[in-house]
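Open the model in your viewer and keep the selection tool at hand. The tour goes from stop to stop, with a note on what each selection shows.

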Amino acid sequence: MASAASAEAELHNGLSEAGPNEFLIATLIALACSALLSTRGLIALVIVGICVGGAAQVINRRLGGLSAPICQAMAEIGEVAALACFAAHWA
């Protein structure tokens with residue numbers, strides 16, 4: 001049976017760290033998509049950004065970095081925040 005470290009290394013084989021260029025590209029894609037959204041979509045995008053960005057800052061400060069499971073958890077936080085925005089009548 002493979003150890004946990006080798007299983008995770010195999011999972012991330014060929015992947016590199018995301019840097020400023022990847023962040024810029026992701027930001028530009030999000031802005032392009034937001035240009036196509038209605039006001040409700042823009043409000044949801046801002047709220048999701050605040051929730052996920054705030055969580056990322058807190059986790060990065062307390063743990064000293066972000067791992068794949070933490071990023072997956074933040075994606076779930078973002079999904080819940082977006083669904084909450086669309087479920088609310090004021091968004």
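Select Cys51. Its relative accessibility is 33%, so Cys51 counts as partly exposed. Residues are numbered from 1 along each chain as its sequence is written, and side-chain values use heavy atoms, with hydrogens and water left out.

**The cysteines**

Which cysteine sulfur is closest to that of Cys51? The sulfur of Cys85 is, at 7.2 Å, and that is too far for a bond. A disulfide is a pair of cysteine sulfur atoms within 2.5 Å. By that rule the count is zero disulfides.

Now click Cys85 alone. Cys85 sits in helix 4. Is Cys85 buried or exposed? It is buried, with a relative accessible area of 4%. Then try Cys71. At 37% relative accessibility, Cys71 is partly exposed.

**Helix 4**

Select residues 68-87. This is helix 4, with 20 residues. Helices here are DSSP runs of H or I with at least four residues, strands are runs of E with at least two, and both are numbered from the N terminus. From its first C-alpha to its last, helix 4 reaches 29 Å, close to the 28 Å expected at 1.5 Å a residue. The expected span is 1.5 Å times one less than the number of residues.

Color the buried residues of helix 4: Ile70, Met74, Gly78, Ala81, Ala82 and Cys85. Look down the helix axis. These buried residues fall within an arc of 120 degrees, so they line one face of helix 4. The arc is taken from the directions from the helix axis to the C-beta atoms.

What do the buried residues of helix 4 pack against? They pack against helix 3 (39-63). Contact means heavy atoms within 4.5 Å.

**Helix 3**

Select residues 39-63 next. Helix 3 has 25 residues and reaches 36 Å between its first and last C-alpha, close to the 36 Å expected. Its buried residues are Gly41, Ala44, Val48, Ala55 and Ala56. The buried residues of helix 3 pack against helix 4.

Pick Gly49, also in helix 3. At 42% relative accessibility, Gly49 is partly exposed. Gly64 takes a positive phi of about 80 degrees.

**Helix 2**

Select residues 20-35. The 16 residues of helix 2 should span 22 Å, and its end C-alpha atoms are 23 Å apart, which agrees. Of these 16 residues the number buried is one, so helix 2 lies largely in the open.

**Zoom out**

Show the whole protein and color by pLDDT, the predictor's confidence in each residue, from 0 to 100. The mean is 79, and 77% of residues reach 70 or more. Confidence is lowest in helix 1 (residues 4-11), at a mean of 59, and highest in helix 4, at 87. Where pLDDT is low, the predicted coordinates should not be read in detail.

Switch to a cartoon view. The protein has four helices and zero strands. Of its 91 residues, 15% are buried. Among contacts between residues at least 6 apart in sequence, 53% join residues at least 24 apart.

Notes:
Buried means under 20% relative accessible area, exposed over 50%, partly exposed in between (1.4 Å probe, protein chains only).
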